[in-house]
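Subject: Structure handover

Hello,

Please find the structure below, followed by notes on what turned up in it.

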Amino acid sequence: MSSQHIPVPDGWDDHPCAYLLFGPPYEDLAAEARERGWRVAHLPGAHLHQIVDPAGTARHLVELATTS
């Protein structure tokens, strides 16, 4: 598997952020998000779960975006 560096502007992560975890392959990324102080929610699923459960995904994203 290859990875790419995607350039982002300085200071991008000083804004409120959140992470929606679908499953075990992404637990390390969720842990990193928690370390950054981001809110993390878990919707059990697999890669591209947003395609399988768009309503559930949207519900979680709205909740992450609207609650403090």
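A residue counts as buried under 20% relative accessible area, as exposed over 50%, and as partly exposed in between (1.4 Å probe, protein chains only). By that scale Arg 36 is partly exposed, with a relative accessible area of 40%.

This is a predicted model, in which local features need pLDDT of at least 70 and side-chain atom pairs count only at pLDDT 80 or more, while totals for chains, interfaces and linings use all residues. Residues are numbered from 1 along each chain as its sequence is written, and side-chain values use heavy atoms, with hydrogens and water left out.

The mean pLDDT (the predictor's confidence in each residue, from 0 to 100) is 90 for the protein, and 97% of its residues reach 70 or more. Helices (H or I, at least four residues) and strands (E, at least two) are DSSP runs, numbered from the N terminus. Among these, confidence is lowest in helix α2 (residues 49-52), at a mean of 94, and highest in strand β2 (residues 39-42), at 96.

Arg 36 meets Glu 32 in a salt bridge between their side chains, at 3.6 Å, N to O. The term stands for a side-chain nitrogen of Lys or Arg within 4 Å of a carboxyl oxygen of Asp or Glu. A search of the whole structure finds one such bridge. Glu 32 is partly exposed, at 37% relative accessibility.

There is also one aromatic pair. The ring centres of Trp 12 and Trp 38 are 5.9 Å apart and the planes stand at 80°, so the pair is edge-to-face. For this, rings of Phe, Tyr and Trp (its six-membered ring) pair if their centres lie within 6.5 Å; planes under 30 degrees apart are stacked, over 60 edge-to-face, and the rest tilted. Trp 12 lies in the segment before β1 (18-21) and Trp 38 in the loop between α1 and β2, so the pair ties together parts that are 26 residues apart in sequence. Trp 38 is buried, at 17% relative accessible area, whereas Trp 12 is partly exposed, at 36%.

Both pairs return in the lining of the largest pocket, which consists of Trp 12, Tyr 19, Leu 29, Glu 32, Ala 33, Arg 36 and Trp 38. A pocket here is an open set of points on a 1 Å grid over the protein atoms alone, where a 1.4 Å probe fits, with protein on both sides within 12 Å along at least five of seven lines; lining residues have an atom within 4 Å of a point. Helix α1 (residues 27-35) gives the most to this lining, with three residues.

Regards
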